[in-house]
Amino acid sequence: MLMLDLFASSYPLVKALHVMAVLSWMAGLFYLPRLFVYHAERGQQTDAEPARSLIIMEEKLLRLIMNPAMIVTWIAGLILVMTPGIVDWTMLWPWTKAGAVIAMTWFHMWLAGQRRALLAGRGLTGRRYRMMNELPTLLMVVIVLSVILKF
């Protein structure tokens, strides 16, 4: 009972933390593929300086912003889910949101793998990274509609 009361009383703070973490994570999910486009298209030039600066930017974005934001998003989200009266699991919306969040997490991990592939010279083309850059937008639409409309 004490734990449930704690979840209920901290709900507004946890929700605010969740929203801030999601915004940070999404910013990274939108920006990292764009850096990959530049890396794939310009990073292979003979001048090593652009490639080196892109590599540093990609690494810091992933390690210092995206990874912590994803972790806080998940922790705060799970606390919100455990708060009594917040989620009705008989409805469709929590399942569509959960599926989209899992897909977003997969995309995050895919991006981390693509960073390693780019470093090894096995990255995709700039065009492919541009196409993949649309995925977080689609997932965000599913998540926002699920939470707001509660269908």
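Contact, as I use the word in these entries, means heavy atoms within 4.5 Å.

**Entry on the model.** I am working with a predicted model, in which local features need pLDDT of at least 70 and side-chain atom pairs count only at pLDDT 80 or more, while totals for chains, interfaces and linings use all residues. Residues are numbered from 1 along each chain as its sequence is written, and side-chain values use heavy atoms, with hydrogens and water left out.

**Entry on L29.** I looked up what L29 touches and, leaving aside residues up to four places away in sequence, I found M66, M104, F107, H108, L111, N133 and P136. A nonpolar core is a set of buried Ala, Val, Leu, Ile, Met, Phe, Trp, Tyr and Cys residues joined through side-chain atoms within 4.5 Å, and buried means under 20% relative accessible area, exposed over 50% and partly exposed in between, with a 1.4 Å probe and protein chains only.

**Entry on helices 2 and 4.** I then followed helix 2 (residues 11–42) and helix 4 (residues 93–119), whose axes come within 11 Å and cross at roughly 40°. Helices here are DSSP runs (H or I, at least four residues), numbered from the N terminus, and axes are lines fitted to C-alpha atoms over the stretch in contact, with angles from 0 to 180 degrees between N-to-C directions. The residues making this contact include W25, L29, L32 and F36 of helix 2, and M104, F107, H108 and L111 of helix 4.

**Entry on the aromatic rings.** My search of the whole structure gave 5 aromatic pairs; rings of Phe, Tyr and Trp (its six-membered ring) pair if their centres lie within 6.5 Å, and planes under 30 degrees apart count as stacked, over 60 as edge-to-face and the rest as tilted. W106 and W110 form a stacked pair, 6.3 Å centre to centre with 25° between the planes, and both lie in helix 4, 4 residues apart, about one turn of the helix. W106 is partly exposed at a relative accessible area of 48%, whereas W110 is buried at 18%. The rings of W110 and Y129 have their centres 6.3 Å apart and their planes at 55°, so I noted this pair as tilted. Because W110 lies in helix 4 and Y129 in helix 5 (residues 126–132), the pair ties together parts that are 19 residues apart in sequence. Y129 is buried, with a relative accessible area of 0%.

Definitions and conventions. Helix = DSSP H or I, 4+ residues; strand = E, 2+ residues; numbered from the N terminus.
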